Amino acid sequence: MRTSNLNNVRNLGILAHVDAGKTTVTERILHRTGVIHRTGEVHDGTTVTDFDPQERDRGITIFAAAVSCAWAGHRLTLIDTPGHVDFTDEVERSLRVLDGAIAVFDAVAGVEPQSETVWRQADRHGVPRIAFVNKLDRAGADLDAAVESIRRRLHPAPLVVQLPIGREDGFTGVVDLVHLPAGASAEARRRRRELEEAVAELHPLALDEFCATGTVSAETLEKALRDLTRTGDGLVVLCGSAYRDRGIEPLLDAVVAYLPSPADVTPVRGDRPADPAAPLAALVFKVVATATGRLTSVRVYSGTLRKGEQVLDAGTGRTERIARILRVQADRHAEVETAVAGDIVALAGPKAARVGATLCVPGDPVLLEPPVAADPVVSVAVEARRSADGERLASALARLAEEDPSLVVRTDPETAQTLLSGLGELHLEVAVEKLRLTRGLEVAVGRPEVAYRETVVRGVSGLVYRHVKQDGGAGQFAHVVLDVEPLDEGFEFASAIVGGRVPREYVRAVEAGCRDALAEGPLGGHPVTGVRVTLVDGATHVKDSSELAFRAAGRFGLREALRASEMRLLEPVASVVVTVPDDVVGGVLGDLAARRGRVAGSAVRSGTAVVTATVPLAELFGYANRLRSRTQGRGTFTARPSGYAPAP
């Protein structure tokens, strides 16, 4: 299966909405190419690529899995990607290293919410695609309706190259419209004519032939379809039923015929062509901790990677040794001696290379653009159920974040809670369950505490505080007079002392004491912000005054002043940008209002509404799932802390 001819290599992903059948498509491809001799089923938990226990329990793809196979003299590396919105970052990292993709659609549902999401991701990466309309054996399956939804929502030029034989339960196979067989039906001939006309409108070579002869040959059609796929100007559409193993071989033929090889793709750098003889450049796109050690998945863009050699992590300057090179078959691996430009392999040996790292020759460094991790939108507080597991939990969380850059672990400096943030509640649920399954850790999960503040609405003037302490020996004496008034934000301290009634070093001690007092306000023990304190007068004792005494006077004096002031509780708020289809914006605005959000503006562009609002942070817990429910998964949002606002 190894070949040095890059033209005979295809690196592709399988993209779809959850339950569109992409894992079943992958399973049938592996069966047809002879990699497996018995097909597994998603509902039985027996497929090759859904090998993780959680994937088998839940019946969905969670982690992108790579497999290799051969077809018609070509080596194919496929990555079966997740279809659930919570795991779009797995799709993002995969698309960064792929040359092409099969977009799978349900023949009944057509384009679904996550179909749009992964399509836009592929657009951003410029990944050429072909489409496979799956499940034509289902009741209600309609190829034309599915294609129309593609035309309306994803691509203006779907080019259907097959005609189904039979409908729904009677679906038995497909007719190839490019290489139309003799004796084809009138409907097949009509569809072939429509395909010729559509291709001629998009491709000059096909147009010239169509104008000259009134038809387009199979050879010209195939070349034009290949060009249109690689430029993105046309979308080849195939159809079938993966569950019934129909349409899989023509799909494999289309992968070979239309999707690009590594040699067809623009080099990642002008000095790094897709050539085994060029200097090495490889990008890390996945890191996994296995029972036998750490595996680092890479795409080799140029040069040759050899077992046993030293490579440079260009971002950190650290040298890593390649102990083994593995060609991956989901959770199984076959060891090889080298990996060349165009290969996607896993490496054993690198200790510290993270997702996005560039591996290169130490004497010829280069940095490749890394995949961009999505910003987390949901957080939970986590803690070990057993106090003795605290350090193990910290280590395990760090490993989780290393494997999945869309997971963020941090400690809230005010609440001291450990917060785990991710792309959705299912994303976090899977992460916590992974801690239990792989690390044996029992973890308590809770709602994050909200860090409130207290502020001064109306202050006091001339508050007198005398700190006197006498318990034998040297005593403590400090006399201060404070003015307290509101401030827009933060804390300011000033001294109006004249005539040296309070020495400068004692003034600094009063300021330090006031800052101590800001740690706990009178309303609920929350930090205080938005206050200006002025030391207007004071007195000292010749023996008993000290910096310690004046610091205590500042602390206790300000506490007393705050209790005498009119205070207000503040809650943290976030600036939220919500992007939804314009036909559901009314419900989204109503939901934001119910969450005490203040809408700052909205705009509609090309059928998409963008709403900006300020929402209390406490009201955003659970919002990701609520938004997806209201928009059928088509809505997204980002949230950034934007300060504090009065709490109700």
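Residues are numbered from 1 along each chain as its sequence is written, and side-chain values use heavy atoms, with hydrogens and water left out. Because the model is predicted, local features need pLDDT of at least 70 and side-chain atom pairs count only at pLDDT 80 or more, while totals for chains, interfaces and linings use all residues.

**The chain as a whole**

- The chain has 15 helices and 33 strands; these are DSSP runs numbered from the N terminus, with helices being H or I of at least four residues and strands being E of at least two.
- Along its principal axes, the C-alpha trace spans about 115 × 60 × 45 Å.
- Of the 648 residues, 52% count as buried, where buried means under 20% relative accessible area, exposed over 50%, and partly exposed in between (1.4 Å probe, protein chains only).
- Among contacts in the chain with a separation of 6 or more, 72% come from residues 24 or more positions apart; a contact here means heavy atoms within 4.5 Å.

- E3 is largely enclosed by the rest of the structure, because seven of its seven residues are buried.
- In a regular strand the side chains alternate between the two faces of the sheet.
- On E3, His74, Leu76, Leu78 and Asp80 point one way, while Arg75, Thr77 and Ile79 point the other way, and all are buried.
- E1 and E3 run parallel and are joined by six bridges, with leucine 12 opposite leucine 78 in E3; two strands pair if DSSP finds at least two bridges between them.
- E2 pairs with E3 in the antiparallel sense over seven bridges, and here valine 67 stands opposite leucine 78.
- The hairpin formed by E2 and E3 has two residues between the strands, and alanine 72 in the turn has a positive phi of about 50°.

**Helix H1**

- Nine of the 11 residues of H1 (residues 22–32) are buried, so this helix is largely enclosed by the rest of the structure.
- The buried residues are Lys22, Thr23, Thr24, Val25, Thr26, Glu27, Arg28, Ile29 and Leu30.
- Those residues pack against E1, strand E2 (65–71), strand E3 (74–80), E4, strand E5 (129–134) and helix H9 (248–258).
- Glycine 34 follows H1 and has a positive phi, near 85°.

**The cavity**

- Rolling a probe the size of a water molecule over the atoms shows where empty space is left.
- The count comes to one cavity of 30 Å³ or more, and about 40 Å³ of space lies in the largest cavity.
- Strand E1 (9–16), strand E4 (100–106) and helix H4 (113–125) are the elements that give two or more residues to the lining of the largest cavity.
- The cavity search uses a 1 Å grid over the protein atoms alone: a cavity is a set of points where a 1.4 Å probe fits but cannot get out, and lining residues have an atom within 4 Å of a point.
- Grid points are joined across faces, edges and corners, and a volume is the space filled by probe spheres set on the points.
- Lining the largest cavity are Leu15, Ala16, Ala103, Val104, Phe105, Ser115, Val118, Trp119 and Arg129.
- By class, that lining has seven nonpolar, one polar and one charged residues; Ala, Val, Leu, Ile, Met, Phe, Trp, Tyr, Cys and Pro count as nonpolar, Asp, Glu, Lys and Arg as charged, and the others, Gly among them, as polar.

**Glutamate 403**

- Glutamate 403 lies in helix H10 (residues 390–403) and is buried, with a relative accessible area of 9%.
- Its side chain makes a polar contact with the side chain of lysine 434 (2.8 Å); a polar contact is a pair of N or O atoms within 3.5 Å, where within protein one must be able to donate a hydrogen and the other to accept it, and residues adjacent in sequence count only if both atoms are side-chain atoms.
- Not counting residues up to four places away in sequence, glutamate 403 touches Arg93, Val287, Val288, Ala289, Val355 and Lys434.

**Strands E26, E27 and E29**

- Strand E26 (residues 476–486) pairs with strand E29 (residues 531–539) in the antiparallel sense over eight bridges, and aspartate 483 stands opposite threonine 534 in E29.
- Strand E27 (residues 491–495) pairs with E29 in the parallel sense over five bridges, and alanine 494 has threonine 534 as its bridge partner.
- Phenylalanine 493, in strand E27, is buried with a relative accessible area of 18%.
- Phenylalanine 493 touches Val507, Val510, Glu511, Cys514, Val533 and Leu535, not counting residues up to four places away in sequence.

Note on methods: 1 Å grid on protein atoms, 1.4 Å probe; cavity = no way out; pocket = protein on both sides within 12 Å on 5 of 7 lines; lining within 4 Å.
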